[in-house]
Amino acid sequence: MKAFWALVLILLPLGLRAQAEKAVPTATYTDADGRFTLTYPRTWQLRPNASGAEAAFYAPATGQPVPAVVTVTARPLPDDLKDRPLTGPGSQDSLWRTLLRLPHVYVVRLEQKNYGRYEEVRYDYTYAPVAGLPGRLHVAGRRIWRVGYEFQVEYRAATTEDGRCLTEGLQLLDSFGFTSKSITSRRYVDQVCDGKMYGIAAMTRRTGQWEDDCRSIHEFSTEDVSELATVHRNVLPFQSYALAKGFDNCLYSVTKSPTDRPELVYRYDPTTRRGAFTTWQLPAQGPTNVWISAATDERGDLYFLTSDANQLVKVSPAEGGTVTVLWQKDPTQQAAYYPSIAFDGAGTHGNFCLDDANTVYMVYSTDGSLVRVDVNTQRPAPELLALTGLPKRGGYSDVLLQNDESGRRRMYLAGPHALYKVDLARRKASLARRGTYTDLAGCNLFRVAYRAAPPLPSATVPWRGRVLNAATYQPLTAAELHIGRESASAVVSLSTDGRFSYGAAPGKPYFYKAQLAGFVDADSSWTVGAGPTVHDILLQPLAVGTTLPLANVQFEQGQAVLLPGSARALNQLVAMMTDNPRLTIELRGHTDNVGEPAKNVVLSEERVAAVKAYLVAHGVAESRITGIGFGGAKPAASNAQEVTRKLNRRVEFRVTGI
């Protein structure tokens, strides 16, 4: 006993010294634009603009090749991806399917989450880069989509280097974070309205004569629409009556020609003064109709209406330009006043705008009265909304609800040779500026600033994975799998390729147990992330020579006294040896490299003896267990710092007979 306490007194200062050890010195990397930072160990070499990445961090090398590298890249997403979500329905499946195409892949983690300001997918997997040859590659990283850009931080190393490099590599990944500097969004739904208002000029003066135009656009300042307009001359490739302003501050239009065929929507950017056709196609409008007006709703969707008001369609830019037909018959035909606005020669009432209650305001071209229709119910208001202050002669060609930067809403009406400002509460119009315009576009219901709240967590999210052979990484379709919140109680079926899916509460640990004859039971727990999660389960073959760790078997500092938390793993080993009465094992004890090597060997042997005593006390024959202590001679991880050194203080068992 005196010798035992002497050993404790010798080892105790070593434990205290390890706890007081200073952290590894670190440095901070900030990208050239000041958008994000990372913290990396100073022992890792930083190389900006290396191998196509914005920066690469190389682990300390003792030879060639470099043992591990963490790369960080930042790039604008392609136009066909910048408005799409990284997370959401279907995205998890597509990412998982991509990984499953890798040879002998084991998915440690694939987890997605939408934080509102940005979306993130974290992944961690190993695979065989060359099928049929030994050696596996470990890849872990984060893909983050924010405002139309992708940021990716990724660790890559041979699995043989994980013990030395993985912990610091994962810390480097976790350190990635955005700065307070704002990033101008490239995504359609994130844009902030620039406050400008536009009108298609109906006439232009050439060589002293007024001529039809409908291709030039006038740009007004909403602070004072009476100021001189900025003219974008002949920027539309066709004559147009319809114009809408999108969330990206670009203008969208279609030809006014009665072609009765599908029409492509044209996009014009007033900032660059460049335009091009989109791939968004409106349906045929009828042999005597034209697309006469356009508007934008508070979600950024674009609406186009025909001159007879019989066809209203919606285009959703944030969904790749999906086109939806909302109605194919003029709803005002249900109204009692319809005969008074629809007789031959009465003029159109198809020019319109939208409010935030999804009400269409259409202007009757003959006298400027407003017609209101609920888009959802397609029911018109029972009366016309007549306005005072307008000239009696006809020619009212559009109406616009325009938001200013303070959030105030104003209505403008394009009348004969003038633009009018409308006070809806008083039903009165007043002159705003001179000019003839066929259609108006502006910040119709635009949010002044976009603020996305993080989505509420789901009650359950899918935990998906496979049960795999830990030696070959092949699916074990005949395995039995149980999962549960308090215990592994629910039977979970496996598909023909070993896959499973289980609905679990985010952030909660779930116990699982996988069994198959000839394999060591997998009996552990897994905490599901905030979004859909993938985590494969490995079963180790029960074969002579197989070496397995005793997870969470821990001892008091510098002693061979088992801590209470060790019982679960030891009880699992007892159960396995009870179920396999011919199974014999060799316990293997390991320490870190702190202290004298000879004393570490003694400590590892004493810890092996403590584990053996536990097994024997629980009914395992002593003759079935041998043991050996290696001290610090066989490290599983780097001894350079405490965070990895503790991984070397472990006990394993090796199968010696079955």
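Which residues of helix α2 (residues 91–100) are buried? Here are my notes, starting there once the ground rules are out of the way.

1. Ground rules. This is a predicted model, in which local features need pLDDT of at least 70, side-chain atom pairs count only at pLDDT 80 or more, and totals for chains, interfaces and linings use all residues. Residues are numbered from 1 along each chain as its sequence is written, and side-chain values use heavy atoms, with hydrogens and water left out.

2. Helix α2. The buried residues are Ser-91, Gln-92, Leu-95, Trp-96 and Leu-99. (Buried means under 20% relative accessible area, exposed over 50%, and partly exposed in between, with a 1.4 Å probe and protein chains only. Helices are DSSP runs of H or I with at least four residues, strands are runs of E with at least two, and both are numbered from the N terminus.) Looking down the axis of α2, these buried residues fall within an arc of 130°, so they line one face of the helix. The arc is that of the directions from the helix axis to the C-beta atoms. The cover over them includes β6 (106–114), β7 (119–127), β8 (137–146), β33 (461–469), β36 (499–504) and β40 (533–534); contact here means heavy atoms within 4.5 Å.

3. His-104 sits in the loop between α2 and β6. Its phi is positive, at about 50°, although His-104 is not a glycine. With 30% relative accessibility, His-104 counts as partly exposed.

4. Helix α3. In α3 (residues 162–174), the buried set is Asp-162, Gly-163, Cys-165, Leu-166, Thr-167, Glu-168, Gly-169, Leu-172 and Leu-173. Among the elements covering these residues are β2 (36–41), β4 (55–58), β5 (68–76), β8, β9 (149–158) and α7. Note that β8 turns up in the cover of α2 and in that of α3.

5. Cysteines. As for disulfides (a pair of cysteine sulfur atoms within 2.5 Å), the count comes to zero.

6. Strand β11. Five of the six residues of β11 (residues 196–201) are buried, so the strand is largely enclosed by the rest of the structure. Strand β14 (residues 217–221) is joined to β11 by five bridges and runs antiparallel to it, with Met-197 standing opposite Phe-220. Four bridges join β11 to β32 (residues 437–441), again antiparallel; there, Gly-199 has Leu-440 as its bridge partner. Two strands pair, by the rule used here, if DSSP finds at least two bridges between them.

7. A four-stranded sheet. The order β16-β17-β18-β19 makes an open sheet with antiparallel pairing. At its edges are β16 (244–245) and β19 (274–282), each pairing on one side only. Between β18 (residues 263–269) and β19 there are six bridges, and Leu-264 is found opposite Gln-281. The loop between β17 and β18 holds Asp-260, a residue other than glycine with a positive phi near 55°. Asp-260 is partly exposed, at 35% relative accessibility.

8. Gly-631. Where is Gly-631? It lies in the loop between β44 (625–629) and α7 (642–645). Gly-631 is buried, with a relative accessible area of 0%. Leaving aside residues up to four places away in sequence, Gly-631 touches Gly-589, His-590, Thr-591, Asn-600, Val-601 and Ser-604. Glu-596 is 35 residues away from Gly-631 in sequence and 9.6 Å away in space, C-alpha to C-alpha.

9. Confidence. The mean pLDDT of the chain is 88, and 93% of its residues reach 70 or more; pLDDT is the predictor's confidence in each residue, from 0 to 100. Confidence is highest in strand β17 (residues 251–253), at 97, and lowest in helix α1 (residues 2–19), at a mean of 37. Across residues 1–21 the pLDDT is below 50, and this stretch has 19 contacts in the model beyond near neighbours in sequence.
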